[in-house]
Amino acid sequence: FYASPDYTGIGPSSLDVGVALFPAPLERTPIPLFTSRALTGGESAVVAGWGTDGVSASGRTLRSGNLSVTRVTLTQIEAAFSDTTSGVCYGDSGGPLLAASGGVWAVAGVTSKVTTGCLSGASYWANVYNSSIRSFILKYVPGAGQR
């Protein structure tokens, strides 16, 4: 496992991303990185993770849900939880935020944190479009696809 050297854990400029390498190829088709452009507020995305659901403590089920991006900065993507959208919860950290690029799903963000809890507030992802985050990932996974 490699953590970003730019991760400090302090504030939105801390690049909260890591790379896990496996000794053998995984039997899955890799999902490319969303690097063709920056996401914008109002865009639809999908979040997935193994974390809790905000009600039960079980983190054994992969869950996914739709959301609408509310704000994008150079380092972070933000989405506010609502009755009609999903958010992230404890245990989801490191999971993907997926967006469509040319009809293909790509990883636009890496789950970083929630503000007030699983069923309220905002969720944040490290922005893969950021050149430092993208360079860090590609250093360890040079063959990662990009869309």
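Predicted model: local features only at pLDDT ≥ 70, side-chain atom pairs only at ≥ 80, totals over all residues.
Let me begin with the open space. The largest pocket holds about 1,500 Å³ of space, and 39 residues line it, those closest to its centre being Ala20, Phe22, Leu26, Gly94 and Val107. Which strand gives the most to the lining of the largest pocket? That is S8, with 4 residues. If we sort the lining of the largest pocket by class, we find 24 nonpolar residues, 12 polar ones and 3 charged ones.

A search of the whole structure for cavities of 30 Å³ or more finds 1, and the largest cavity has a volume of about 30 Å³. Its lining is made up of Ser14, Leu15, Asp16, Thr75, Gln76, Ser112, Trp125, Ala126 and Ile133, and by class this lining divides into 4 nonpolar residues, 4 polar residues and 1 charged residue.

Next come the charged pairs. As a general point, side chains of opposite charge can pair when their charged atoms come close. In this model the count comes to 2 salt bridges, and I will take them one after the other. Glu43 is joined to Arg37, with the closest N and O atoms 2.8 Å apart. Is Glu43 buried or exposed? Glu43 is buried, because its relative accessible area is 17%, which falls under the 20% limit, whereas Arg37, at 34% relative accessibility, counts as partly exposed. The other salt bridge links Arg71 with Glu78, and here the closest N and O atoms are 3.1 Å apart. Arg71 has a relative accessible area of 44% and is therefore partly exposed, while Glu78, with a relative accessible area of 14%, is buried.

Now to the surface, where Tyr2, Leu21 and Val141 form a nonpolar patch whose accessible area together is about 240 Å². Tyr2 belongs to strand S1 (residues 2-3), and at 37% relative accessibility Tyr2 counts as partly exposed.

Where does Thr73 lie? Thr73 sits in the loop between strand S5 (71-72) and strand S6 (76-80), and its relative accessibility of 26% makes Thr73 partly exposed. Thr111, for its part, lies in strand S8, the strand that gives the most to the lining of the largest pocket. With a relative accessible area of 3%, Thr111 is buried. Between the C-alpha atoms of Thr111 and Gly145, which are 34 residues apart along the chain, the separation is 19 Å.

Methods. Residues numbered from 1 in each chain as written. Heavy atoms only, no water. Helix = DSSP H or I, 4+ residues; strand = E, 2+ residues; numbered from the N terminus. Buried < 20%, exposed > 50% of the residue type's maximum accessible area, 1.4 Å probe, protein only. Patch = residues over 30% accessible without salt bridge, like charges linked within 9 Å, V, L, I, M, F, W, Y side chains within 5 Å. Areas by Shrake-Rupley, 256 points an atom, 1.4 Å probe, with all protein chains shown as cover. Salt bridge = Lys/Arg side-chain N within 4 Å of Asp/Glu carboxyl O. 1 Å grid on protein atoms, 1.4 Å probe; cavity = no way out; pocket = protein on both sides within 12 Å on 5 of 7 lines; lining within 4 Å. Points joined across faces, edges and corners; volume = space filled by probe spheres on them. Nonpolar A, V, L, I, M, F, W, Y, C, P; charged D, E, K, R; others polar.
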